[in-house]
Each structure stands twice: as C-alpha cells, then as structure tokens.
Amino acid sequence: MRWISAVTIGIVMATTPGWLGAQAASPVGGAKAPPPTSSMDSLISAFSGRWSLKLAFEPSKDMPQGLQGTGEETWHAGPQGVTLTDEEVFTLGPQTVIVVGLLWRDNKTHEFHALDCSNQNASTCDLKGAVADVVVHWTGSELTIDEKELSQGTVMTSRVTWSDITANTFTETGYLAPPGGPFQKIMTIHATRATAN
C-alpha cells in the first residue's frame with residue numbers, strides 16, 4: 001500500500017509507489033463462519049501486527065552491488081475492519097523512508113483500493129493515483145498491487161506482491177515493467193513477525 005514498500009522501488013528506480021494492517025470483528029453468537037477468501041477480514045487477519053523487515057534490492061547499472069536495508073512495519077485495522085493501515089519505517093543507505101498506506105474494499109463494487117503516503121513522494125500522498133493508477137488484487141493467499149508510475153518521462157508499471165504468507169512470515173517482492181514489456185524483479189523484502197517486548 002505498502003503500499004509499500006512499493007515506495008522503495010521509487011527510491012532506487014526514480015519511481016514512487018508504497019502500502020498497508022489489522023484486527024477482525026467478533027463473531028455473532030460465538031460461531032464464526034469462514035470469510036470469503038478475498039474478503040477484507042481475511043486480508044486483515046493475514047497482515048495484522050508488527051513485522052521486522054529485511055530489504056534487498058537487486059543489482060543494477062546504478063547499483064552493481066545491490067542495496068540492503070532493514071526496517072519495521074505495523075499493520076492495523078480501522079474501526080469495524082473498514083480500512084487496513086500499514087505504517088513502515090526503514091533505512092536504505094543514508095535514507096530513512098516513511099510510508100503510510102491505506103487499503104479498503106469498496107462496498108458497492110467489492111474491489112480493493114489503496115492509497116500511499118511517503119516522505120519520498122513530492123506531494124506526500126498521491127490521491128489522484130489512488131483513484132486512477134492503482135489496481136489491487138487479494139486472493140486470500142496473495143496480495144498484488146499494480147500502480148502506473150512516471151519514471152524518467154516514461155509511464156512504467158510497478159507491481160508489489162505479498163506472498164508465502166504464514167502466521168509469522170511473508171515475502172514482499174517489487175517489480176517494474178516498461179509499457180508492454182515484462183516485469184523485472186527490483187527488490188525483495190522478508191518480513192518476520194516481531195516478538196512482543
């Protein structure tokens with residue numbers, strides 16, 4: 001959202017994306033029917049809590065050795081699970097990156113939407129992009145957010161995929177694609193659930 005850590009792609013590749021967090025409502029009568037796999041409740045359940053991050057950017061022409069970073073994020077649900085917020089802080093080289101992502105599901109269309117805000121974005125939050133340029137898919141086991149980005153005068157598509165989701169880990173992978181071209185992996189984030197202090 002998370003976005004983000006799609007914003008991380010922007011730092012290295014001159015693009016600017018990012019995102020997302022959690023808590024489910026109590027069941028009525030003590031019996032809990034399983035939510036649909038693509039529901040907001042299942043998304044909240046998958047990501048809620050505090051996570052430690054290890055970031056790795058792929059080697060590139062500008063960074064032959066790649067780039068490593070660390071950080072943490074907290075995902076939490078808004079009242080009654082209407083929204084999911086991701087708050088991230090991480091370091092990449094000399095930069096500290098702050099990302100706040102908001103994810104929600106439209107009650108009429110049942111489509112997911114996302115908005116990201118970052119200290120790396122010129123306007124902090126990209127309201128127009130959230131409406132026009134972001135496509136969110138949640139399958140119940142994998143979250144994918146695609147966003148159109150302007151990079152060095154060319155409209156590119158950034159893709160961030162959260163996969164291999166378990167109770168204590170997930171993998172977040174960032175990709176970038178030129179118009180009509182294939183996606184190329186830019187970064188990988190390994191998240192581990194942080195232990196309570």
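A salt bridge is a side-chain nitrogen of Lys or Arg within 4 Å of a carboxyl oxygen of Asp or Glu. In this predicted model, the count by that rule comes to two salt bridges.

| Salt bridge | Closest N to O |
|---|---|
| R159 and D146 | 2.7 Å |

K185 is partly exposed, at 38% relative accessibility, and E58 is partly exposed at 30%.

R159 pairs with D146 in a salt bridge. This pair links R159 in strand 8 (residues 154-163) with D146 in strand 7 (residues 143-151), 13 residues apart. R159 is partly exposed, with a relative accessible area of 26%. D146 has 14% relative accessibility; buried means under 20%, so D146 counts as buried.

The surface also carries a nonpolar patch formed by V89, I98 and V100, with about 220 Å² of accessible area together. V100 is found in strand 4 (residues 95-105) and is partly exposed at 36% relative accessibility.

Strand 4 also contributes to a pocket: strand 4 and helix 2 (40-47) each supply at least two lining residues of the second largest pocket. The space in the second largest pocket is about 280 Å³. Its lining has 13 residues, and M40, G81, V82, R105 and N107 are the closest to the pocket centre. By class, the lining holds four nonpolar, six polar and three charged residues.

Notes: Residues are numbered from 1 along each chain as its sequence is written. This is a predicted model: local features need pLDDT of at least 70, side-chain atom pairs count only at pLDDT 80 or more; totals for chains, interfaces and linings use all residues. Side-chain values use heavy atoms; hydrogens and water are left out. Patches are made of residues with over 30% relative accessible area and no salt bridge: like charges are joined within 9 Å, nonpolar side chains (Val, Leu, Ile, Met, Phe, Trp, Tyr) within 5 Å. Accessible areas come from the Shrake-Rupley method with a 1.4 Å probe; for residues, only the protein chains shown count as cover. Helices (H or I, at least four residues) and strands (E, at least two) are DSSP runs, numbered from the N terminus. Buried means under 20% relative accessible area, exposed over 50%, partly exposed in between (1.4 Å probe, protein chains only). On a 1 Å grid over the protein atoms alone, a cavity is a set of points where a 1.4 Å probe fits but cannot get out, and a pocket is an open set with protein on both sides within 12 Å along at least five of seven lines; lining residues have an atom within 4 Å of a point. Grid points are joined across faces, edges and corners, and a volume is the space filled by probe spheres set on the points. Ala, Val, Leu, Ile, Met, Phe, Trp, Tyr, Cys and Pro count as nonpolar, Asp, Glu, Lys and Arg as charged, and the others, Gly among them, as polar.
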